[in-house]
Amino acid sequence: HPSASLRIGSHWLKAEQKAQAILWLSRAAAQALEGHDLDETIRIAEEAIAAGASGAQLGHLRALQATAAFWQSSYQQCQSWALSALLDLRPGGALFFRLLADAFISSSRIGDQATVDALQREAVGIDAAAGAQDERLICLARMSFHFLMGHDLARADLLLAHLTDRLSQDSVPAPLVRAQLLHALGMRAAVLGDMAGYAEKLVEVVAAFEEAGDLRNACIETT
């Protein structure tokens, strides 16, 4: 529970044991995000950062803040925190690709096309580390969906080609990968005027999000 971790972190902070304080405050911030308390996530993470978090720890804390800001639709702040986090995270890791997608979408929402282009090149050019392949595929799917929202079929199809080529090697993709791919393919159908195809994909998208346990995205797609 975030309140228990927060109490322990505050105790270590008062005792001037900053390494322990940062550890427990980081746990509290992550638990707050899991509980969808976005303001508290940002606040606790900032407290840990103020205590002297650096390197990968700082990257993970900024990542928590970026995710919270993304879900608050605070895209300028999300971009700032996500780009900062990427500097401290291992390139090619799962969290790296998750943040790359958030930074990409946020950059697009605020009209920062130069950063959009740079992040797209990075997503295509960096190989996934061990255990991060699914997050890379999800990143590519989210980027392609966003290009489709802007009716940029050429750039969307470039990303989808990378995605489908990799998926052809897997007989059964993970539910969240399948959800994001179907999401993009459904939007592609809509852009081409195939609303029946879009509706069919949407049903599959919701089912895949639910199977993955991603109820937040499942709810968004049903509203």
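The paragraphs below go through helix packing and selected residues in a predicted model.

Helix α2 covers residues 18-34 and helix α3 covers residues 38-50. The two pack with their axes 8 Å apart, at an angle of about 165 degrees. An angle over 145 degrees counts as roughly antiparallel, so α2 and α3 are roughly antiparallel to each other. Their crossing is left-handed. On the α2 side, the residues that meet α3 are Ile-22, Leu-25, Ser-26, Ala-28, Ala-29, Ala-32 and Leu-33. Their partners in α3 are Leu-38, Glu-40, Thr-41, Ile-44, Ala-45, Glu-47 and Ala-48. By class, the contact of α2 with α3 holds ten nonpolar, two polar and two charged residues. An α-helix has 3.6 residues a turn, so residues three or four places apart point the same way.

Helix α4 (residues 55-71) can be followed through Thr-67, which lies within it. Thr-67 has a relative accessibility of 17% and therefore counts as buried, the cut-off being under 20%. Apart from neighbours within four places in sequence, Thr-67 is in contact with Leu-33 and Asp-102. Leu-33 is also one of the α2 residues that meet α3, and Asp-102 is among the α6 residues in contact with α4.

The packing of α4 against helix α6 (residues 94-109) brings their axes within 10 Å, with a crossing of roughly 40 degrees. That angle makes α4 oblique to α6. The crossing of this pair is left-handed. From α4 the contact draws on His-60, Ala-63, Ala-66, Thr-67 and Phe-70, and from α6 on Leu-95, Leu-99, Asp-102, Ile-105 and Ser-106. These residues divide into six nonpolar, three polar and one charged.

The next helix to take up is α5 (residues 75-88), which contains Ala-82. With a relative accessible area of 0%, Ala-82 is buried. Not counting residues up to four places away in sequence, Ala-82 touches Ala-66, Leu-99 and Ala-103. Of these, Ala-66 and Leu-99 also take part in the contact between α4 and α6. Ala-82 and Ser-106 are 24 residues apart in sequence, and their C-alpha atoms are 9.2 Å apart in space.

Helix α6 itself has 16 residues. From first C-alpha to last it reaches 23 Å, close to the 22 Å expected at 1.5 Å a residue. Its buried residues are Phe-96, Phe-97, Leu-99, Leu-100, Ala-101, Asp-102, Ala-103, Phe-104, Ile-105, Ser-106 and Ser-107. The cover over these residues includes α4, α5, α7 (113-125) and α8. Both Leu-99 and Ala-103, which Ala-82 touches, are among the buried residues of α6. After α6 comes Gly-111, with a positive phi near 80 degrees.

Helix α8 (residues 133-149) is one of the helices that cover α6, and α8 also packs against helix α10 (residues 175-191). The 17 residues of α8 should span 24 Å at 1.5 Å a residue, and its end C-alpha atoms are 25 Å apart, which agrees. Most of α8 is covered, with 14 of its 17 residues buried. Just after the helix, His-151 takes a positive phi of about 60 degrees.

The axes of α8 and α10 come within 9 Å and cross at roughly 15 degrees. Angles under 35 degrees count as roughly parallel, and α8 and α10 are therefore roughly parallel to each other. The crossing is left-handed. In α8 the contact is made by Asp-134, Leu-137, Ile-138, Ala-141, Arg-142, Ser-144, Phe-145, Leu-148 and Met-149. In α10 the contact residues are Leu-176, Val-177, Gln-180, Leu-181, His-183, Ala-184, Met-187, Arg-188 and Val-191. By class, this contact has twelve nonpolar, three polar and three charged residues.

Ala-207 and Gln-20 are 187 residues apart along the chain, and 41 Å separates their C-alpha atoms.

Technical notes: Residues are numbered from 1 along each chain as its sequence is written. This is a predicted model: local features need pLDDT of at least 70, side-chain atom pairs count only at pLDDT 80 or more; totals for chains, interfaces and linings use all residues. Side-chain values use heavy atoms; hydrogens and water are left out. Axes are lines fitted to C-alpha atoms, for helices over the stretch in contact, and angles run from 0 to 180 degrees between N-to-C directions. Helices (H or I, at least four residues) and strands (E, at least two) are DSSP runs, numbered from the N terminus. Angles under 35 degrees count as roughly parallel, over 145 as roughly antiparallel, 65 to 115 as roughly perpendicular and the rest as oblique. A crossing is left-handed if the near helix is turned anticlockwise from the far one by less than a right angle, and right-handed if clockwise. Contact means heavy atoms within 4.5 Å. Ala, Val, Leu, Ile, Met, Phe, Trp, Tyr, Cys and Pro count as nonpolar, Asp, Glu, Lys and Arg as charged, and the others, Gly among them, as polar. The expected span of a helix is 1.5 Å times one less than its number of residues. Buried means under 20% relative accessible area, exposed over 50%, partly exposed in between (1.4 Å probe, protein chains only).
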